[in-house]
Amino acid sequence: MTTTHFGQSIQQLVGGIRRRATRSLALSLVVAGTIALPARAAAQPSGPLYVPPPGAIASKQIPALREVGVDQKLDAPIPMDLVFTDEHNREVKIGDFFGKRPVVLALVYYECPMLCTMVLNGLVGSVEALSFDPGKEYEVVVVSFDPGETPALAKQKKDLYLKRFGRPQTEGGWHFLTGREAEIKTLADAVGFRYAYDEAIDQYAHPAAITIATAEGRVSRYLFGIEFAPRDLRLALIEATDGKIGTAVDQMLLYCYHYDPETGKYGLVVMNLIRLGGVLTVLALGASIFVSLRRERREHSAVEKTATGIR
């Protein structure tokens, strides 16, 4: 092999190596690009393939609930001649439970799957904490606003809650009533209790509240919710009797606590509390001065008796 042929062979070998390296580099770049594309695509934000239409706004009220609520009618009269049926299947007038004592009135329906039971549980839990007894200081009247319910259901409810209450001597102070739609509507309207029947679910929509009425049959206070603070119920009953029940401490609490119709609760009145504190301070100061003066007089009298030799 001549030098010329050897040089040509070397050049052909080098050229082949370069061509293979170039093809390998190009193939590597294609593969790398293919692998990188999904990664870049995954990193890119993309819009949803389908955007569902917006639903009903959260603030939009359910149609049945538009008719539900409590219109506070403080001092409004309750019709005394409305006729109902009690748990013993006897015909009674709502006025039969007024005249002597204030009344705690609860409008519920006995087959309610949830809320009414919670209201009655809250009411019984509250009266359990009171020293007052139904039938002695006040009456409890529970009225079903479902005209399809029967006295038998009312009796079952009364037995259940009377057993839980644990004071069998108060049975005469608990009354569970049923009635016709016309009388129920009239009573509910009188106390401002608005409810509605929902045919779709075969249930009633209604607020959670109880009404305290005076012995004369006028609306005195409303308590809202499913739990009623024993203090609030006690003060409401005392106010409904113009202070004829309760103690001097209760009267003092009425001075310090003020009923808020918006919340259906009693809130502490700071100014009244300050005034009461001022009065108590003056009384305490006066008592202290009186005791000091009396002590000084005794000491002065003892000194005079010693000086004159009188014992």
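**Terms and source.** I call a residue buried under 20% relative accessible area, exposed over 50% and partly exposed in between, using a 1.4 Å probe and protein chains only. The model is predicted, so I noted that local features need pLDDT of at least 70 and side-chain atom pairs count only at pLDDT 80 or more, while totals for chains, interfaces and linings use all residues. Residues are numbered from 1 along each chain as its sequence is written, and side-chain values use heavy atoms, with hydrogens and water left out.

**Overview.** I looked up the secondary structure and found seven helices and 13 strands in the protein chain. Helices (H or I, at least four residues) and strands (E, at least two) are DSSP runs, numbered from the N terminus. The protein chain has 311 residues, and 37% of them count as buried. It exposes about 19,200 Å², with carbon and sulfur atoms supplying 59% of that area; the areas come from the Shrake-Rupley method with a 1.4 Å probe, and for residues only the protein chains shown count as cover.

I then looked up contacts, meaning heavy atoms within 4.5 Å. Among contacts in the protein chain with a separation of 6 or more, 72% are between residues 24 or more positions apart.

**Positive phi.** Most residues other than glycine have a negative phi. I looked for exceptions. Asn89 has a phi near 65° and is found in the loop between β2 and β3 (91-93). Is Asn89 buried or exposed? Asn89 counts as exposed because its relative accessibility is 58%. Asp75 has a phi near 75° and lies in the loop between β1 (69-70) and β2 (83-85). At 49% relative accessibility, Asp75 is partly exposed.

**Cysteines.** How many disulfides does the structure hold? I found zero, where a disulfide is a pair of cysteine sulfur atoms within 2.5 Å. For Cys112, the nearest cysteine sulfur is that of Cys116, 3.5 Å away, and Cys112 is in no disulfide. Cys116 is in no disulfide either. Both are buried: Cys112 has 9% relative accessibility, and Cys116 has 1%.

**Aromatic rings.** A pair of aromatic rings is described by the distance of the centres and the angle of the planes. Rings of Phe, Tyr and Trp (its six-membered ring) pair if their centres lie within 6.5 Å; planes under 30 degrees apart count as stacked, over 60 as edge-to-face and the rest as tilted. I found 11 aromatic pairs in the structure.

Tyr109 and Phe145 have ring centres 5.5 Å apart and planes at 55°, so I wrote the pair down as tilted. This pair links distant parts of the chain, 36 residues apart: Tyr109 is in the loop between β4 (103-108) and α2 (115-128), and Phe145 is in the loop between β5 (139-144) and α3 (151-165). Tyr109 and Phe145 are both buried.

Phe165 and Trp174 have ring centres 5.3 Å apart and planes at 65°, so their pair is edge-to-face. Both Phe165 and Trp174 are buried.

I also noted one aromatic cluster, formed by Tyr109, Phe145, Phe193, Tyr195, Tyr197 and Tyr204. The charged end of Lys185 sits over the ring of Tyr195, 4.6 Å from its centre. For this, NZ of Lys or CZ of Arg must be within 6 Å of the ring centre and within 35 degrees of the ring normal.

A nonpolar core is a set of buried Ala, Val, Leu, Ile, Met, Phe, Trp, Tyr and Cys residues joined through side-chain atoms within 4.5 Å. The largest nonpolar core has 61 residues, and those touching the most other members are Phe84, Ile94, Leu123, Leu187, Ile210, Ile212 and Leu233. Leaving out residues up to four places away in sequence, I listed what Phe84 touches, including Val92, Ile94, Val143 and Leu187.

Why is α5 (residues 230-240) described as largely enclosed by the rest of the structure? The reason is that eight of its 11 residues are buried. Leu233 is among the buried residues of α5, as are Asp232 and Arg234.

**Thr211.** Last, I looked up Thr211, which is in strand β10 (residues 209-213). Thr211 is buried, with a relative accessible area of 7%. Beyond its neighbours within four places in sequence, its contacts include Val103, Leu105, Val191 and Tyr222.
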